Amino acid sequence: LHAFVVGHGVKPSHMGRIWKHVLAHPECPLDEIPGIPDRIRRPLKQEFAALTSAVVQVRESGVDGTLKLVLRLQDGGEVEAVLIRHTGEPEDPDRRQADRCG
């Protein structure tokens, strides 16, 4: 993104505005991000994609709410991600890891 904005003669300070808007509004077309120079709107939409991965599968553990996600990447490959929810409290040493993971 840095090379893109500098290459189009735009101040790098616009990168933060672009990132924040894409994260807050992923459905917004890139050429409609408010507050960016008009000269980068069309090339931004042509050269970048806000989202290139998709969630294919979600499984939630009934034990602790851990989420296992299968994500399909831009190239068609798939990866698994695990989101572990925790309270910050120390774990009970009497529980086996297999019981905690579900």
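Which order do the three strands of the open sheet have, and is their pairing parallel or antiparallel? The order is S1-S2-S3, and the pairing is antiparallel, where two strands pair if DSSP finds at least two bridges between them. This is a predicted model, in which local features need pLDDT of at least 70 and side-chain atom pairs count only at pLDDT 80 or more, while totals for chains, interfaces and linings use all residues. Residues are numbered from 1 along each chain as its sequence is written, and side-chain values use heavy atoms, with hydrogens and water left out.

Strands (E, at least two residues) and helices (H or I, at least four) are DSSP runs numbered from the N terminus. S1 and strand S3 (78–83) stand at the edges with a single partner strand each, so one side of each is left without a neighbour in the sheet. S1 pairs with strand S2 (residues 67–72) in the antiparallel sense over six bridges, and the bridge partner of glutamine 57 in S2 is valine 70.

Rings of Phe, Tyr and Trp (its six-membered ring) pair if their centres lie within 6.5 Å, with planes under 30 degrees apart counted as stacked, over 60 as edge-to-face and the rest as tilted; by this rule there is one aromatic pair. The ring centres of phenylalanine 4 and phenylalanine 48 are 5.1 Å apart and their planes stand at 85°, so the pair is edge-to-face. Phenylalanine 4 lies in helix H1 (residues 2–7) and phenylalanine 48 in the loop between helix H3 (38–47) and strand S1 (54–60), so the pair ties together parts that are 44 residues apart in sequence.

The table lists burial (buried is under 20% relative accessible area, exposed over 50%, partly exposed in between; 1.4 Å probe, protein chains only).

| Residue | Class | Relative accessible area |
|---|---|---|
| Phenylalanine 4 | buried | 7% |
| Phenylalanine 48 | partly exposed | 32% |
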